[in-house]
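Please view the sequence and the model first, and then read the points below.

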Amino acid sequence: MRKTMEQIVLEGQAAKCESLEELYLVWQMMQQMEEEPYGATCYGEIEQRSFHIDGIVSPEDYNGTLFILKETNMRKFIQQGQTMPVISDVRKQVASGKSLTGEVEYLDYLAGMQKIVNEQFYKNTAKSSNLKLLKQLAVLYVNKRGGKGAADDISMQYGQYYIEFIKTQIRLLKPKTIVCCSDEIFRLIVMEVFHNKKQKKNQEIYMKWKNLVVGDVFLADSNFRPTSNEEHAAIRVVRMWNPAYRVNNGQYVSVDEYLKEFERRVTAETMEMTEKNS
């Protein structure tokens, strides 16, 4: 998945963007210039110029929680034989709590996790409706073109290819808590956005875990540098299952089971940090 000189120049421009609107324009130009994306960073049934605008759902209500998911669901468009590019603002769908096109999934999961983050990290126990909770968060899809729920590497390959754009988007969102909804997303974000990686003599690159990941939570300071000191931590990155996670016999995990696991992970981190500092 090589890049042309023009694309490398665009990556440099992306790093200098001072607004999400500016970033999205450069991002869409980059997508259009990509050579032979099909089968690598784009599904054959999805037009390569398709782009999903994501980010802060409601600027007035945003409290610093960012959820990162793999892709929007384009199956409905594929079934309809859509051949034109799909440009969609998924923030409106999240804010409304429903997605008529089916692009935005797992809204109950996001609202439930937002409630737990409020209680465990922000010490906010006020009761809120799912719609109000959804307006407090930001959402980022790794694959801006969208996908079809396939068990393959295309969306994560997209994320690696466009990682400079993802880095800039996360910095512009200024999150306090990042919830990565899959192990693959957690590794991508922690290694590339927070530069938490090391190269062995055999050139293998791996993620650093010791003293930096407490249970399922990674800490970083305001400059996006890893830290093991909670007092210096400005950002928490939480590792969570993909909402499409399945257990024995191919059964999906229910919303309640999923949220119980999420609460266990963030509660365990809070307890370990309290014991460490006592």
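**Strand pairing, cores and salt bridges**

Ile56 stands opposite Ala138, a residue of strand S5. The model is a predicted one.

**Strand S5**
- Strand S5 spans residues 137-147, and eleven of its eleven residues are buried.
- S5 pairs with strand S2 (residues 55-56) in the antiparallel sense, over two bridges.
- With strand S3 (residues 65-73), S5 pairs in the parallel sense over seven bridges.
- Ala138 in S5 is also the bridge partner of Leu66.

**Nonpolar cores**
- The largest nonpolar core holds 44 residues, and Ile170 and Phe194 have the most contacts inside it.
- Helix H9 (residues 183-193) contributes the most to this core, with seven residues.
- Another core, of 30 residues, lies apart from it and includes Leu133 and Met240.
- Beyond its neighbours within four places in sequence, Phe194 is in contact with several residues, including Ile178, Phe218 and Val237.

**Salt bridges**
- The whole structure contains 17 salt bridges.
- Glu35 and Arg2 form one at 2.9 Å, N to O; Glu35 lies in the loop between helix H2 and strand S1 and Arg2 in the segment before helix H1, so the pair ties together parts 33 residues apart in sequence.
- Arg239 and Asp216 form another, with their closest N and O atoms 2.7 Å apart.
- Arg239 is buried at 18% relative accessible area, and Asp216 is buried at 10%.
- Salt bridges with shared partners join Asp216, Arg239, Glu261, Arg264 and Arg265 into one network.

How values were computed
Residues numbered from 1 in each chain as written. Predicted model: local features only at pLDDT ≥ 70, side-chain atom pairs only at ≥ 80, totals over all residues. Heavy atoms only, no water. Buried < 20%, exposed > 50% of the residue type's maximum accessible area, 1.4 Å probe, protein only. Helix = DSSP H or I, 4+ residues; strand = E, 2+ residues; numbered from the N terminus. Pairing = 2+ DSSP bridges. Core = buried A, V, L, I, M, F, W, Y, C linked by side-chain atoms within 4.5 Å. Contact = heavy atoms within 4.5 Å. Salt bridge = Lys/Arg side-chain N within 4 Å of Asp/Glu carboxyl O.
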